Amino acid sequence: MTERAADWERWKEEWKRGGSSQATVTTGLRQTAKARRGLFISWLIESAIGSASLLLVILALQHAANALEAGLGLAVGLGIGIVWVQRILLRRREHASETAASDDYLVAIRKLRRRQMRLAQFVWIVVTLDFVFLIPWWVIGSRVHSRRLTDLGSVLTMWVPIVGFIALFVWSFRLRRNAELEMEEIDRLRADDRDGSDAEIEESV
């Protein structure tokens, strides 16, 4: 069993037990802090991807072959900027609506997984936009520049970005899938707890 799976099983058991014991409270606070660090890391990753994508387009635009290619690059760069700004605004709205009183670490973990799902979507959009511009840029550039793996310029301007994009896609799909599974487990756990609470209320009436 992986460390993450073991942590998840422990969280479930402690959340089911509930109560206000010092151990439970300490664990909840620790896991809440860990989830909040995860939110910050997600923001850092998103910022790095957005910045790198825009920088790649800007560098490629300096070697645009014609006005059409330059226009396409500008449109793609603008699109990436718009998507990135929308993500920032959405994150700020979410932060403003959060209540500081919530110490339920399952809520914090669910928030982190939702943010990770949106990060995966951001990766898909940004990488797709990059490909929309870079594929024609690579094709047109191949008429002038070598695209062999032995050519350093070709490796740095085409093959390294392609490998990086593929790695990002694979990572983002795994990130979204894991986040979805954990969110489903959290929702199921909370639903079971609500059903149990309702049953206890009915028995006491």
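**Aromatic pairs in the predicted model**

Phe169 and Phe173 are separated by about one helical turn, because the two residues lie four residues apart in helix H5. The model considered here is predicted. In general, a pair of aromatic rings is described by the distance of the centres and the angle of the planes. The structure holds five aromatic pairs.

One of these, between Phe131 and Phe165, is edge-to-face, with 5.0 Å from centre to centre and an angle of 65° between the planes. This pair links distant parts of the chain, as Phe131 belongs to helix H4 (residues 105-141) and Phe165 to helix H5 (residues 152-204), 34 residues apart. The accessibility of each partner was also computed. Phe131 has a relative accessibility of 21% and therefore counts as partly exposed, the limit for a buried residue being under 20%. Phe165, by contrast, has a relative accessible area of 7% and is buried.

The rings of Phe169 and Phe173 form a stacked pair, with a centre-to-centre distance of 6.3 Å and 25° between the planes. The angle leads to the assignment as stacked because planes under 30 degrees apart fall into that class. Phe169 counts as partly exposed, at 23% relative accessibility. Phe173 likewise counts as partly exposed, with a value of 49%, since a residue is classed as exposed when over 50%.

Definitions and conventions: Residues numbered from 1 in each chain as written. Predicted model: local features only at pLDDT ≥ 70, side-chain atom pairs only at ≥ 80, totals over all residues. Heavy atoms only, no water. Phe/Tyr/Trp six-rings, centres within 6.5 Å; stacked < 30°, edge-to-face > 60°. Buried < 20%, exposed > 50% of the residue type's maximum accessible area, 1.4 Å probe, protein only.
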